[in-house]
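Dear colleague,

I am handing over the structure below, together with some notes on what was found in it. Please keep it open beside this email as you read.

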Amino acid sequence: MKKLVVISALACLGVSAFAADGATLYKKCAVCHGPKADKVYLNKVPALNSISKADRLKYMKEYAAGTRNAYGQGALMKINLKGLTEADFKAIDDYIDTLK
């Protein structure tokens, strides 16, 4: 019984240890989009905090898939989003929403 409790506890720790952290993931985005997601990049890309939550999530997925190239930033965004999961995108999107 003790082994089962220990294994269950470790499994729970493992899940929470790997949960997506939007604030940490967003640090890479902040270089171009600003720490408060309010920077208008290259004087043409709208501030992320001015875009709807649903659109931000949609755009991240499209950039990662290589199907979006708004403002000529498709290749750069695809590289920056490489390796991120759907949970990561949602965590970033949720974090940006807290910056308003």
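To begin with a single side chain, Arg68 lies over the face of Tyr59, at 3.7 Å from the ring centre, where a charge is taken to sit over a ring if NZ of Lys or CZ of Arg is within 6 Å of the ring centre and within 35 degrees of the ring normal. Please bear in mind that this is a predicted model, in which local features need pLDDT of at least 70 and side-chain atom pairs count only at pLDDT 80 or more, while totals for chains, interfaces and linings use all residues. Residues are numbered from 1 along each chain as its sequence is written, and side-chain values use heavy atoms, with hydrogens and water left out.

As for the overall fold, the protein has 5 helices and 0 strands (DSSP runs numbered from the N terminus, with helices being H or I of at least four residues and strands E of at least two). Buried residues make up 28% of the 100 residues in the protein; here buried means under 20% relative accessible area, exposed over 50%, and partly exposed in between, with a 1.4 Å probe and protein chains only. Among contacts (heavy atoms within 4.5 Å) between residues at least 6 apart in sequence, 54% join residues at least 24 apart.

Helix H2 deserves a careful look. Although H2 has 12 residues, its end C-alpha atoms are only 14 Å apart, short of the 16 Å that a straight helix would reach at 1.5 Å a residue, the expected span being 1.5 Å times one less than the number of residues. Gly22, Tyr26, Cys29, Ala30 and His33 are the buried residues in H2. Seen down the axis of H2, these buried residues fall within an arc of 125°, so they line one face of the helix, the arc being that of the directions from the helix axis to the C-beta atoms. The face of H2 turned away from its buried side carries the exposed residues Lys27 and Val31, whereas the cover over the buried residues includes H4 and helix H5. After H2 comes Gly34, with a positive phi near 85°.

Helix H5 (86–98) has 13 residues and reaches 19 Å from its first C-alpha to its last, close to the 18 Å expected. Its buried residues include Phe89, Ile92 and Ile96, and what covers the buried residues of H5 includes H2, H3 and H4.

The count of aromatic pairs comes to 1, where rings of Phe, Tyr and Trp (its six-membered ring) pair if their centres lie within 6.5 Å, and planes under 30 degrees apart count as stacked, over 60 as edge-to-face and the rest as tilted. The rings of Tyr26 and Tyr95 have their centres 5.8 Å apart and their planes at 45°, so the pair is tilted. This pair links distant parts of the chain, with Tyr26 in H2 and Tyr95 in H5, 69 residues apart. Tyr26 counts as buried because its relative accessibility is 2%, and Tyr95 counts as partly exposed because its value is 24%.

Most residues other than glycine have a negative phi. Ala37, however, has a positive phi near 60°; Ala37 lies in the loop between H2 and H3 and is buried, with a relative accessible area of 0%. Tyr71 also has a positive phi near 60°, lies in the loop between H3 and H4, and is partly exposed, with a relative accessible area of 39%.
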